[in-house]
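Me: Hey, I've just opened this one and I'm new to it. Can you walk me through it?

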Amino acid sequence: MAKVKYRLNEPRLAPRRTKLEIPGWAGTRVPRVDGSHEQVWHCVPFSEGAQYGIELFYPYDNELHVSTRDGRLVLEGDWGPAPDSGVQWPPFRSFGNEFYTYQLLLDLKVEKGMAIRTEPHPRFYVDRTDTVPIAVPALIRNWWPMVFFCVFKAPAEGRTHVFRPGEPFAQIIVIPEEASFELETMNEEEAAERELQARRIHAARPTLSAGTEWTSSTGTVFDGTYRHLHRAAKEKARQG
């Protein structure tokens, strides 16, 4: 199993594998039955994508409010006196008026050939308040010994992003250092094989979804076809 090692100067910043918070940012724990309101965790691709990385938590006791007013970035938080360690204080600062930075002082070491990529935390995509910080994607290669800072997109005019104690504010995923692939059109045989697979799934859907179809409170119809195929594929891979 691959290892991701870390060192940090703020224990409360300690990273962990991203988890779905239910109840919480990922929704409420409601069953897949008629009349339930659909939740993002009902979607297997989203759940897998959301839990693919490493989440970072805001480690300070005070809230930070980041706003844009009259075209200018405003950072508001009661930071108190600077620590004796000599680190940048406050750890947030403007990066122009369109972005701002957070001095993480977090070092993640990945194996040779791998890199880390910062991105918004999954809760950003389900937030309805428009207050979740937006981490800007960045690729950090394995030879860089310190992640100095994380860059965030400034909120739109009149909006406010909020960092709260203990809330996740960004996600990191581990990916190959080089994107060594090319885009290529499928040949006729490959395209025919994929089309045949798709038609077989479509034809078998009544069987695959038997007993799992339900209609949400908004009138959206769901079924367990993808979940069943997903479990079968994982079991096949496990058995080799």
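Me: How many residues does the protein chain have, and what share counts as buried?
Reply: The protein chain has 240 residues, and 33% of them count as buried. Buried means under 20% relative accessible area, exposed means over 50%, and partly exposed is in between, with a 1.4 Å probe and protein chains only. Keep in mind that this is a predicted model: local features need pLDDT of at least 70, side-chain atom pairs count only at pLDDT 80 or more, and totals for chains, interfaces and linings use all residues. Residues are numbered from 1 along each chain as its sequence is written, and side-chain values use heavy atoms, with hydrogens and water left out.

Me: Okay. What does the secondary structure come to?
Reply: Four helices and 16 strands. Those are DSSP runs numbered from the N terminus: H or I with at least four residues for helices, E with at least two for strands.

Me: And what box do the C-alpha atoms fill?
Reply: Roughly 65 × 45 × 35 Å, taken along the principal axes.

Me: Let's go inside. Which residues have the most contacts in the largest nonpolar core?
Reply: Y58, F92, Y102, L104, F152, F163 and F169, in a core of 26 residues. Such a core is a set of buried Ala, Val, Leu, Ile, Met, Phe, Trp, Tyr and Cys residues joined through side-chain atoms within 4.5 Å.

Me: Which strands supply at least two residues each?
Reply: Strand 3 (54-57), strand 4 (64-69), strand 7 (99-102), strand 8 (106-109), strand 12 (150-153) and strand 14 (168-176). Strand 14 gives the most, with three residues.

Me: Why is the pair of Y60 and W79 called edge-to-face?
Reply: Because their planes are at 80°, with the ring centres 5.4 Å apart. Y60 is in the loop between strand 3 and strand 4, while W79 is in the loop between strand 5 (72-76) and strand 6 (92-95), 19 residues away. Y60 and W79 are both buried.

Me: How about W214 and F222, which kind of pair are they?
Reply: Stacked, because their planes are at 15°, with centres 4.7 Å apart. W214 is buried, with a relative accessible area of 2%, whereas F222 is partly exposed at 25%.

Me: Which residues form the aromatic cluster?
Reply: Y58, Y60, W79, W89, F92, Y100, Y102, F152, F163 and F169 form one cluster.

Me: New topic: where does S47 lie, and is S47 buried or exposed?
Reply: S47 lies in helix 1 (residues 44-50) and counts as buried, at 9% relative accessibility. Beyond its neighbours within four places in sequence, S47 is in contact with L20, V40 and W41.

Me: Last one, A232. Where is that?
Reply: A232 lies in helix 4 (residues 225-239), and counts as partly exposed at 46% relative accessibility. A232 and A191 are 41 residues apart in sequence and 23 Å apart in space, C-alpha to C-alpha.

Methods: Contact means heavy atoms within 4.5 Å. Rings of Phe, Tyr and Trp (its six-membered ring) pair if their centres lie within 6.5 Å; planes under 30 degrees apart count as stacked, over 60 as edge-to-face and the rest as tilted.
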